[in-house]
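Visitor: I would like to learn how to read a model like this one. Please take me through it feature by feature.

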Amino acid sequence: MFGYNTVPAEVRNADDRVFVIADGPLRKGDEILSIDGRGWKSTHDGLARFEAASNAENRNYMAAMCMVCSHRDTAAVELVRDGRRMTERIATRSVMNWSPYITERMLDTANIRLLADGIGYMTGVNYTKADGARIMEKFRDTKALIVDLRCYPREFMIFDFIGRYFMPRTSPHVIWLAPTGALPGVFHELQDSLFVNPDNPAVAENPAYYKGRVIVLVDSSTQSQAEYTAMAFQATPRCTVVGTQTAGADGNISALVMPGGDFGYFSGLGVLYPDGTNTQRAGIRIDVPVHATVPGLQAGRDEILEKALEIIATGAYDPAAKI
């Protein structure tokens, strides 16, 4: 509907308005009014007619991504910058080789860094299994670690990273609802655990686990594997999740092929917390809700990260030890 090309800009929405959140062809803080003459309302309403979304936050995020799509190699971008309305022509890229979930900015290794006052920061995009030990050595003595999951993890973090370095003992972290093949419509529960030693599940405890606070950042771009990663962090002793409702689209991807070659995808597994609370459509549990605001986006601020730093500084929302 909206084109196979995209203006390569990371965007977020607030109050039915779309803003750029990272410098690139457009500047952080730019408000995008239209792409090739198509604005927010027509994009949002057009998307809602045809595309499924797990919740309203997810639909708004999808609409913001679709809004920067184009049928052209060069898109006419109408925007407001520093209070001035203007139109710029921006070269587009194929949606097949540019993803808002894993951008060049996110891949920058500078995203594994120490912030002020002994606070570590990393994104899910920056984790690789090969670098896990080196990453934890960097953060070993920090008082808090911020893990930014407003992206799609480049590699699977659950067992080799979270279980190995953050869990004091092997514990359940998820319940899967799996279909029973012989009884269509009937599902059975499968409980899964985070092992402190994925190479030797018989090892049940790890006294050398990371004992600082873990603050996980999420928003409506946190989807599927990113949501599962956030859930796994929530099984650790001192995790606090800060941000906006996530996509509510966890579980494996199953394909439905229909006559004529049409097909669609759906989640083939149910995903529940160990206490049986559902995550699909609802998203993961948020401890400290933070929504982007128009003034914040206009100023190029990261209000979710700001809140994370605030609660570390004040000691607020530190969960009671579960060990």
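Guide: We start with aspartate 131, in the loop between strand S10 (119–123) and helix H4 (132–139). Helices (H or I, at least four residues) and strands (E, at least two) are DSSP runs, numbered from the N terminus. This is a predicted model: local features need pLDDT of at least 70, side-chain atom pairs count only at pLDDT 80 or more, and totals for chains, interfaces and linings use all residues. Residues are numbered from 1 along each chain as its sequence is written, and side-chain values use heavy atoms, with hydrogens and water left out.

Visitor: Is aspartate 131 buried or exposed, or partly exposed?

Guide: Buried means under 20% relative accessible area, exposed over 50%, partly exposed in between (1.4 Å probe, protein chains only). Aspartate 131 has 26%, so it is partly exposed. Its C-alpha lies 9.8 Å from that of phenylalanine 161, 30 residues apart in sequence.

Visitor: Which strands form the open sheet, and in what order?

Guide: Two strands pair if DSSP finds at least two bridges between them. Here the order is S13-S12-S18, with antiparallel pairing. Strand S13 (187–194) and strand S18 (270–272) are the edges; each has a single partner strand, so one side of each lacks a neighbour in the sheet. Neighbouring strands are turned by 25° against each other on average, direction ignored. Axes are lines fitted to C-alpha atoms, for helices over the stretch in contact, and angles run from 0 to 180 degrees between N-to-C directions.

Visitor: How many bridges join S12 to S18?

Guide: Three, between antiparallel strands; S12 covers residues 171–179. Leucine 177 stands opposite glycine 270 in S18.

Visitor: Which helix packs on the sheet, touching S12, S13 and S18?

Guide: Contact means heavy atoms within 4.5 Å. Helix H6 (residues 225–234) touches these three strands, and its direction makes about 140° with that of S12. Helix H5 (residues 158–166) lies across S12 and S13, at about 55° to S13.

Visitor: Where is aspartate 15, and what is its phi?

Guide: Most residues other than glycine have a negative phi. Aspartate 15 has a positive value, near 50°. It sits in the loop between strand S2 (11–14) and strand S3 (17–20). At 65% relative accessible area, aspartate 15 is exposed. Aspartate 16 is found in the loop between S2 and S3, with a positive phi near 60°.
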